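Please read them alongside the structure.

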Amino acid sequence: KQGRYKFNTENDVKTIVEKLVKGDVNKEEIKLQLLEGKTKLFFKAIKAIPVDRKHTSVSAVDTAIKILKDNGVISLFPEGTRNKTNKILLPFKFGAVSMAQKTKSPIVPFAITGDYKLFRKGIKIEFGEPIDISKMELQEANEYLMQKVEELIKKNINGVKQWDMFL
């Protein structure tokens with residue numbers, strides 16, 4: 001669907017987020033709308049960094065690198081999209097390991113497994129040990145990170161495969 005969405009209540013936001021998770025609406029339009037209006041304060045409070053996945057998002061990368069250089073924490077999805085396949089993981093993009101190397105930041109992988117339903121129990125989060133990839137080549141670092149995340153998922157698998165990680 002195309003068009004602008006207005007969020008007037010918490011239920012509106014919940015409905016739109018559920019539709020986003022299911023893929024029933026234009027994701028890029030919704031993401032832009034979530035960063036405006038009544039939800040703007042929430043996303044500002046959690047320090048969300050808007051990313052345009054269709055184009056190289058230089059400002060998002062610059063913002064993330066600044067946060068990491070200031071000893072902050074960011075969360076990334078190196079698969080670049082939700083995994084709707086039978087594979088445990090999709091190939092990782094190189095942004096996570098590249099930023100970690102540029103800032104000498106450790107990566108703490110974690111896996112989220114389970115049936116996801118907004119505002120309900122049913123997911124499990126497993127954190128791995130921090131990993132130092134500063135002396136690895138990018139390809140090697142990316143493969144190593146992917147291996148660690150896959151191990152965490154296999155340890156906890158019980159439904160939908162989805163993961164996240166912190167730098």
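**Notes on helix H4**

1. In H4, the buried residues are Ala60, Ala64, Ile65 and Leu68, where buried means under 20% relative accessible area, exposed over 50% and partly exposed in between, with a 1.4 Å probe and protein chains only. They lie on the same side of H4 because they cover an arc of only 130° around the axis, the arc being that of the directions from the helix axis to the C-beta atoms.

2. This is a predicted model, in which local features need pLDDT of at least 70 and side-chain atom pairs count only at pLDDT 80 or more, while totals for chains, interfaces and linings use all residues. Residues are numbered from 1 along each chain as its sequence is written, and side-chain values use heavy atoms, with hydrogens and water left out.

3. The face of H4 turned away from the buried side carries Val58, Ser59, Lys66 and Lys69, which are exposed. Just after H4, Asn71 takes a positive phi of about 65°.

4. Helix H5 (95-103) is included in what covers the buried residues of H4; helices here are DSSP runs (H or I, at least four residues), numbered from the N terminus. The axes of H4 and H5, which are lines fitted to C-alpha atoms over the stretch in contact, come within 10 Å and cross at roughly 45°. The crossing is right-handed, meaning that the near helix is turned clockwise from the far one by less than a right angle. Contact, defined as heavy atoms within 4.5 Å, is made by Val61, Ala64, Ile65, Leu68 and Lys69 of H4 and by Met99, Lys102 and Thr103 of H5.

Terms used. Helix = DSSP H or I, 4+ residues; strand = E, 2+ residues; numbered from the N terminus. Axes fitted to C-alpha atoms, helices over the stretch in contact; angles between N-to-C directions.
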